[in-house]
Amino acid sequence: MASCSGNSNSNSSGSTQHQLMDQRKRKRMESNRESARRSRMRKQKHLDDLVGQITELKKDNNQILTSINFTTHRYLNIEAENSVLRAQMTELSQRLDSLNDILLYLNREGIEYTTDCFTNPFNVPYLHQQPPIMASAHIFQN
């Protein structure tokens with residue numbers, strides 16, 4: 001009987017060990033599940049953060065594109081205005097050169113003039129010094 005009770009004692013001890021291992025295994029599995037759950041939550045939070053960053057970057061990108069389009073439009077308008085101003089400057093520079101040539105000629109010839117003759121071209125003194133040229137209708141007939 002002693003062997004029988006020893007058997008049952010060792011059987012009871014084996015069963016306890018088996019229960020202890022099962023309990024450790026269940027704890028480990030529960031711990032692993034909890035760890036996996038926390039990992040999924042961290043990944044989801046990271047994904048949500050990245051989606052938020054994408055949204056912000058797209059918004060910033062749209063603002064930058066709007067600013068670029070506005071600046072480009074403004075640049076083209078200013079460039080067109082500059083072209084007009086350059087053309088006007090060239091024309092005025094040529095007029096000034098012509099007026100300086102006229103002044104040089106008048107000074108060289110000793111012809112007196114007033115500044116009024118430049119603002120009113122019909123008041124130029126040398127136009128009144130010579131009689132006007134007259135044409136008759138018979139000049140144009142064959």
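UniProt positions are given in the numbering used here, and its annotations may be inferred rather than shown by experiment. I kept that in mind while looking through this predicted model.

**Entry 1, the record.** I looked up the UniProt listing, an unreviewed entry, and found "coiled-coil region" given for residues 75–102. I then checked that stretch in the model: it is 100% helix and 0% strand. Its end C-alpha atoms sit 40 Å apart.

Next I went over the surface. Ile64, Leu65 and Ile68 make a nonpolar patch of about 270 Å². I placed Leu65 in helix H1, which covers residues 2–109. Leu65 has a relative accessible area of 42%, so I noted it as partly exposed.

How many salt bridges does the structure hold? I got six. Side chains of opposite charge can pair when their charged atoms come close. I wrote down some of the pairs.

- Arg33 and Glu30 meet at 3.7 Å, N to O. They are three residues apart in helix H1, so about one helical turn separates them. Arg33 is partly exposed at 49%, and Glu30 is partly exposed at 46%.
- Glu34 and Arg38 meet at 3.8 Å, N to O. These two are four residues apart in helix H1, again about one helical turn. I have Glu34 at 28% relative accessibility and Arg38 at 39%.
- Lys59 and Glu56 meet at 3.9 Å, N to O. Both lie in helix H1, three residues apart.

Which residues are linked with Glu34 in a network of salt bridges? I found Arg37 and Arg38.

Terms used: Residues numbered from 1 in each chain as written. Predicted model: local features only at pLDDT ≥ 70, side-chain atom pairs only at ≥ 80, totals over all residues. Heavy atoms only, no water. Patch = residues over 30% accessible without salt bridge, like charges linked within 9 Å, V, L, I, M, F, W, Y side chains within 5 Å. Areas by Shrake-Rupley, 256 points an atom, 1.4 Å probe, with all protein chains shown as cover. Salt bridge = Lys/Arg side-chain N within 4 Å of Asp/Glu carboxyl O. Buried < 20%, exposed > 50% of the residue type's maximum accessible area, 1.4 Å probe, protein only.
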